Amino acid sequence: MTLSHSLPSSDPPRLLIVFEGVDGSGKSTQINRLSARLDSMGILSLPTREPGGTPLGQKLREILLAPEIAVHPEAQLFLFLADRVQHAEEVLRPALEKGMIVLSDRFADATTAYQAFGAGLSRELVATLNKVALGGLSPDLTVLLDLPVPELEARLTSRDIGRTRFETLGRDYFERVRRGYLEIARVHADRTFVLDATFSPDRLESLIFSELERRFPETFVR
Ligand SMILES: Nc1ncnc2c1ncn2[C@@H]1O[C@H](COP(=O)(O)OP(=O)(O)OP(=O)(O)O)[C@@H](O)[C@H]1O
Ligand SMILES: [Mg+2]
């Protein structure tokens, strides 16, 4: 009896979809749009973020994003990883175990792109520690919003905090982070969807949704 194979699956979706990209690449915009779109289709999703997806993470985020607090690169790495452990255990794993669709604004690739490629820490060290922090979790899909640095500069410098951050870290730093993200996408081409982040928000939203329908038809095609 093979009929059951053609029936729609009643298994809960259980998907970890991650949005990555340099500062200002449009991650929050696209997560908000996707979550609203899924809501309107009656599909529940959980938007969350790193750093800051838990009460501990919120405190760590304040420290990490405060320009007046000096944090040594290795110390920064440990703070991001502490945030990730807490986020994985308190938010991601329980939600996935319930079968939810989780939309995470940044995840492990951000640490590789920023702390290894951007700040120059050892890629091996970052990979090893990321692995510990993840405890076996990995994204089902990573949407990489690829933004050229001149465009990043224009978007960041229109915000006060962004301007300080751009001036402190410098153009070369963001070039390295962008190249890092593209390199990670090349290595993990199977789970990564790279988009030109200069496209309009509408176009990006529709490309992202089409990719979800293509990869996970049982969840997204209605
Ligand atoms: N596709 C787009 N085209 C042009 N501008 C955009 C696009 N998407 C977002 N923006 C604008 O760029 C800025 C940054 O967008 P957004 O906050 O979504 O990026 P982000 O990746 O979440 O940034 P951050 O890393 O700082 O959280 C906002 O002013 C937003 O309105
Ligand atoms: Mg954002």
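Pockets first, so I note the terms. On a 1 Å grid over the protein atoms alone, a pocket is an open set of points with protein on both sides within 12 Å along at least five of seven lines, a cavity is a set where a 1.4 Å probe fits but cannot get out, and a lining residue has an atom within 4 Å of a point. Grid points are joined across faces, edges and corners, and the volume is the space filled by probe spheres set on the points.

Housekeeping: this is a predicted model, where local features need pLDDT of at least 70 and side-chain atom pairs count only at pLDDT 80 or more, while totals for chains, interfaces and linings use all residues. Residues are numbered from 1 along each chain as its sequence is written, chains are lettered from A and ligands numbered from 1 in the order in which they are written, and side-chain values use heavy atoms, with hydrogens and water left out.

**Entry 1: second largest pocket**

I looked up the second largest pocket and got a volume of about 470 Å³. It has 22 lining residues, and D109, T112, A127, H188 and R191 are the closest to its centre. β1 (15–20), α5, α6 (123–134) and α9 (171–187) each give two or more residues to this lining; helices here are DSSP runs of H or I with at least four residues, strands are runs of E with at least two, and both are numbered from the N terminus. Which element gives the most to the lining of the second largest pocket? I found α6, with six residues. By class I get 10 nonpolar, five polar and seven charged residues in that lining. For the classes, Ala, Val, Leu, Ile, Met, Phe, Trp, Tyr, Cys and Pro are nonpolar, Asp, Glu, Lys and Arg are charged, and the others, Gly among them, are polar.

**Entry 2: largest pocket**

The largest pocket holds about 1100 Å³ of space. Its lining runs to 41 residues, with D23, R61, L65, R106 and R165 closest to the centre. I see at least two lining residues from each of α2, α3 (55–65), α4 (73–97), α5 (108–118), α7 (149–156) and α8 (160–169). α8 gives the most, six residues.

**Entry 3: ligand 1**

Next I checked what surrounds the ligand. Ligand 1 has 15 residues around it, and G26, K27, S28, T29 and F199 come nearest; a residue is in if one of its heavy atoms lies within 4 Å. For polar contacts I use pairs of N or O atoms within 3.5 Å.

- A polar backbone atom of G24 is 3.0 Å from an oxygen atom of ligand 1.
- For G26, a backbone N or O atom lies 2.9 Å from a ligand oxygen.
- The side chain of S28 puts an N or O atom 2.8 Å from an oxygen of ligand 1.

How much of ligand 1 does the protein cover? I get 68% of the 630 Å² of accessible area that the ligand has on its own, by the Shrake-Rupley method with a 1.4 Å probe. α2 (27–40) and α10 (201–215) each supply at least two shell residues, and α2 has the largest share, with three. The shell divides into four nonpolar, six polar and five charged residues.

**Entry 4: the cavity**

I count one cavity of 30 Å³ or more. The largest cavity has a volume of about 40 Å³. E20, D109, T142, L144, Y181, I184, A185 and T192 line it. α9 gives the most to this lining, three residues, and β4 (141–146) also supplies at least two.

Most residues other than glycine have a negative phi, and most peptide bonds are trans. So I flagged two exceptions. E50 and P51 are joined by a cis peptide bond, with omega about -10°, and P51 is in the loop between β2 (45–49) and α3. R14 is not a glycine, yet has a positive phi of about 50°; R14 sits in the loop between α1 (3–6) and β1.

**Entry 5: overall**

I count 11 helices and five strands in the protein chain. The radius of gyration is 18 Å, close to the 17 Å that the globule rule gives for 222 residues, so the chain is as compact as a globular protein of that length. The radius is taken over C-alpha atoms, and the rule is 2.2 Å times the number of residues to the power 0.38. Along the principal axes, the C-alpha atoms fill a box of roughly 65 × 35 × 30 Å.

Technical notes
Polar contact = N/O pair within 3.5 Å; in protein donor to acceptor, adjacent residues only side chain to side chain.
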